[in-house]
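Colleague: Could you take me through this structure feature by feature, giving the general idea before each case?

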Amino acid sequence: MGEFLLLMVSAILVNNILLLRFLGNCPFLGVSRKMDTATGMGLAVIFVMTLAGMITWLVYRYLLVPLSLEYLRTIAFILVIATLVQFVEMVIQKAAPPLYEALGIYLPLITTNCAVLGVAIINVDERYDLITAIFFSFASACGFALALVLMAGLRERFALVAIPKAFEGTAIGLVTAGLIALAFSGFAGLV
Amino acid sequence: MLTGMIAIGGIGLVASILLGIASKVFYVQVDPVVQAVTEALPGANCGACGFAGCSSCAKAIAKGKASPDACLAGGAEAAVAVAQILGVEIEVREPDTARVGCWYPPEEADVRFVYDGVRDCRAAMLLFSGSKLCPIGCMGLGTCVSVCPFDAITIGERGLPEVNKNLCTGCGTCVATCPKAIIQLTSQTRRSQHLYRVDECTAPCQRTCPAGIDIPGYISHIKEGDYRAAITLIKETNPLPLTCGRVCPHPCEEQCRLGRVSDPVNINHLKRFAADYEMGSGVRITPYVAPHTGKKVAIIGGGPAGLTCAYFLARYGHAPTIFEAMPQLGGMLRYGIPEYRLPKAILDWEIEGIIGMGVEVKTGVSLGADLTIGSLQEEGFDAVFLGTGAWDSRGLGVAGEELEGVLPGTRFLIDRGLGKETPVGEKVAIIGGGNTALDAARTCWRLGAKEVTVIYRRSRKEMPANDIEIEEAEKEGVIFHYLAAPTKLMGENGRLTQLEYIVMELGEPDESGRRRPVPKPGTETVIPVDNVIAAIGQFPVTGFLKDNGVALSRWNTIEVVDEKTGATNLEGVFAGGDAVSGASIAVEAIGAGRRAARSINLYLRGEEVSVPDEAIGKDTDLLDPEEIVRVPESARARMPELTVDDRRLSFKEVELGLTEEMARGEAERCLRCGLLCYRREGR
């Protein structure tokens with residue numbers, strides 16, 4: 001149990017996928033302007049990343065390793081993740097229309113999200129077992145959502161302050177992202 | 001290498017087979033029309049249409065909730081493609097534009113906070129909940145300017161946003177952004193369906209007006225000399241300005257803030273001025289008429305409520321037909337109000353304009369005798385409006401009422417309206433204190449009666465008739481017996497000769513809040529009379545309504561589910577005017593007609609017939625300044641009138657109308673009020 005707790009702290013704080021591994025920066029800057037889109041995206045990522053972590057682990061362990069095709073994992077994972085996202089989109093559109101309405105527009109964005117691919121590859125590199133892999137994927141996704149929501153909260157507050165002209169928009173966004181990353185790196189050594 | 005290719009190919013194959021199966025198994029039926037429309041849209045998801053993305057816009061278009069040219073990004077090309085899919089032709093659409101609903105910028109209103117560094121209205125709203133004492137006014141930080149995707153908004157010289165109508169596409173981004181809801185998407189049609197809300201800056205006159213006319217708006221057009229704009233604005237909510245400008249008892253003027261320091265603005269006569277200008281110019285204002293919807297609506301009763309309802313339904317593209325029991329349209333405006341107050345020629349011109357909007361008229365047909373609500377529905381009418389008015393009158397309930405020479409007040413005026421001879425004797429007594437009583441009195445005087453007496457059981461202060469009517473009647477020599485009630489009518493050979501009345505005293509207030517008159521015994525007085533006209537109230541005739549299954553209230557009027565919608569207990573049947581409210585003033589009926597037209601339009605479009613919670617009702621409390629300061633006294637324009645000598649034996653219109661100079665001067669007096677703000681001296 002303690003091991004899982006450490007893994008969780010590590011994935012969310014110490015090795016935050018967004019702020020310290022710098023994966024998935026596109027949605028980090030793209031959908032963090034408003035709190036509600038940020039939470040929507042965060043939830044969609046948690047959902048997909050957990051599923052993708054599981055499926056890719058299975059594909060790697062039971063398909064690529066037996067055929068000694070480990071070097072093809074990147075392309076195989078991209079294929080699997082893309083298919084998975086499409087598949088999930090179809091299923092929830094049919095089965096849970098309200099959920100589809102809520103997550104729908106964010107799902108296609110995740111198809112090509114490097115954070116999802118990154119987590120799948122980390123799972124393999126770190127030689128996690130299935131349960132750990134699923135748990136790690138979930139925790140990483142939570143870290144992603146946390147960073148996104150933090151960023152959105154900050155960006156909403158930009159409206160309150162006088163920002164020099166040159167810093168307006170993406171510039172201040174990037175500076176802020178950098179500062180949050182710096183702050184998060186303070187967690188290093190926690191685990 | 002080969003294994004690799006096979007493996008990846010295999011994964012791809014499995015994935016595509018899986019997706020293929022899934023797309024069959026989890027197939028969600030999408031309306032082919034929606035699908036086609038979605039494909040015709042550019043797919044930019046820009047949100048300029050006001051919907052969340054192209055697919056919801058496509059859904060709205062397919063359902064008919066948005067127009068085929070709703071997509072602004074796609075422009076004409078997309079509109080034509082969408083129209084082809086829907087099988088309709090693009091007609092000229094009434095464009096929506098954003099309109100700013102605040103007249104006083106922070107510099108001129110009561111500023112409470114100064115925001116250091118806050119540059120966004122929404123943020124300021126969150127932090128300080130407003131910039132001014134007024135919770136609604138513009139905060140002036142210009143967030144609307146920065147969000148407008150078409151650069152159509154600028155902050156003008158006075159510090160308020162200004163919308164460039166040529167650039168505005170009506171996308172609504174500013175509306176969604178403004179935290180004070182002072183920017184609204186608007187068009188003539190939208191405004192004509194608008195009910196004032198509590199979170200909207202309105203002047204006291206404007207929200208008091210039962211028809212909801214934008215009074216400060218039209219007065220400022222008159223001030224600028226743009227009389228056609230003024231009348232266009234009036235007609236957005238009131239299609240009978242010629243009539244109202246003459247007969248309205250103007251409850252708005254009671255609320256005029258200028259009235260607290262000097263005489264109120266002569267609002268109603270300014271309206272008449274603008275309306276007369278339109279008639280005098282001979283060029284009718286033709287408002288935008290929506291494309292035909294093919295829906296038919298039966299309007300029962302061609303009075304102010306019915307005419308108004310028909311006018312607005314025609315504007316919304318429906319096909320109204322008015323069924324009128326009397327030989328001509330106008331209801332009580334024609335048959336109750338005498339010529340000298342509202343000349344028939346003027347009423348005719350006004351009604352002609354309404355009919356010209358595409359209203360069908362059938363006169364001499366009455367509900368109950370010739371048709372029923374059921375028969376109308378069978379004939380293909382999709383909705384019915386009941387505006388049957390209050391045509392019944394009540395007897396005096398005293399002995400001798402059967403004598404020749406005793407006339408009910410409404411009957412007397414109706415007969416005159418029908419052009420019948422209504423000779424009266426030398427001495428006429430009118431019983432009652434309402435406008436009908438005074439209309440009857442002044443009519444008798446014009447018909448040659450030498451001595452016209454109005455007998456009213458309370459004092460002048462309680463008299464429901466308009467002050468101006470009482471003053472004019474006094475000028476014309478009508479005698480008033482206040483605090484008196486008839487007790488007996490006496491005659492010889494079946495012909496009325498004498499009336500006995502008793503003096504009354506005012507006792508405790510009754511349920512209407514007026515003090516109840518109590519007779520003083522032993523004060524009976526007999527006066528000689530040739531005619532007695534009883535004008536003690538008008539009541540709706542409701543027997544035929546009951547037969548049709550319309551629910552009635554305990555006051556024997558039509559029971560409506562909600563006064564603001566006019567919906568009755570029957571599906572698709574709406575009501576308004578005197579038949580619902582009991583005998584009241586014309587402008588109330590006009591307001592009810594417009595609200596009913598709004599409800600019917602919603603009903604015919606298959607939308608929920610409701611009013612927003614924030615809509616102002618009769619008893620809504622709104623902010624008001626405690627005192628009016630720094631407003632100088634000014635003299636009100638007096639309406640020029642015929643001399644009393646010229647009025648005798650003539651039914652010429654008494655009020656002559658303001659001159660242009662007078663109207664411009666009067667319009668200058670308006671304080672252009674908002675909720676709390678008004679034009680003050682010495683800023």
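Colleague: Is V85(A) buried or exposed, and how is that decided?

Modeller: A residue counts as buried under 20% relative accessible area, as exposed over 50%, and as partly exposed in between, with a 1.4 Å probe and protein chains only. In this predicted model, V85(A) has a relative accessible area of 1%, so it is buried. V85(A) belongs to helix 4 (residues 73-95) of chain A, where helices (H or I, at least four residues) and strands (E, at least two) are DSSP runs numbered from the N terminus. Contact means heavy atoms within 4.5 Å, and, when residues up to four places away in sequence are not counted, V85(A) touches V48(A), L107(A) and T111(A). Between V85(A) and R73(A), 12 residues apart in sequence, the C-alpha to C-alpha separation is 18 Å.

Colleague: Where in chain A is confidence lowest, and where is it highest?

Modeller: pLDDT is the predictor's confidence in each residue, from 0 to 100. Chain A has a mean pLDDT of 85, with 96% of its residues at 70 or more. The lowest confidence in chain A falls in helix 5 (residues 97-103), at a mean of 69, and the highest in helix 8 (residues 130-157), at 91.

Colleague: How is chain B built overall?

Modeller: Chain B holds 26 helices and 20 strands, and its C-alpha trace spans about 130 × 65 × 50 Å along the principal axes. Of the 683 residues in chain B, 52% are buried. Domain bounds come from an automatic or database domain assignment, which divides chain B into domain 1 (32-92), domain 2 (97-186), domain 3 (204-285 + 623-667), domain 4 (296-391 + 540-604) and domain 5 (393-539). The C-alpha centres of domain 2 and domain 4 of chain B are 41 Å apart. Among contacts in chain B with a separation of 6 or more, 68% join residues 24 or more positions apart.

Colleague: Which residues of helix 11 of chain B are buried?

Modeller: Helix 11 (residues 227-234) of chain B is mostly covered, with six of its eight residues buried, namely Y227(B), A229(B), A230(B), I231(B), L233(B) and I234(B). These buried residues pack against helix 10, helix 12 (241-247), helix 14 (267-281) and helix 26 (660-669) of chain B.

Colleague: And what lines the largest cavity?

Modeller: On a 1 Å grid over the protein atoms alone, a cavity is a set of points where a 1.4 Å probe fits but cannot get out, and lining residues have an atom within 4 Å of a point; a volume is the space filled by probe spheres set on the points, which are joined across faces, edges and corners. The structure holds five cavities of 30 Å³ or more, and the largest has a volume of about 120 Å³. Of its 16 lining residues, C205(B), C256(B), C670(B), L671(B) and C673(B) are the closest to its centre. Helix 10 of chain B gives the most to this lining, with three residues.

Notes: Residues numbered from 1 in each chain as written. Chains lettered and ligands numbered in written order. Predicted model: local features only at pLDDT ≥ 70, side-chain atom pairs only at ≥ 80, totals over all residues. Heavy atoms only, no water. 1 Å grid on protein atoms, 1.4 Å probe; cavity = no way out; pocket = protein on both sides within 12 Å on 5 of 7 lines; lining within 4 Å.
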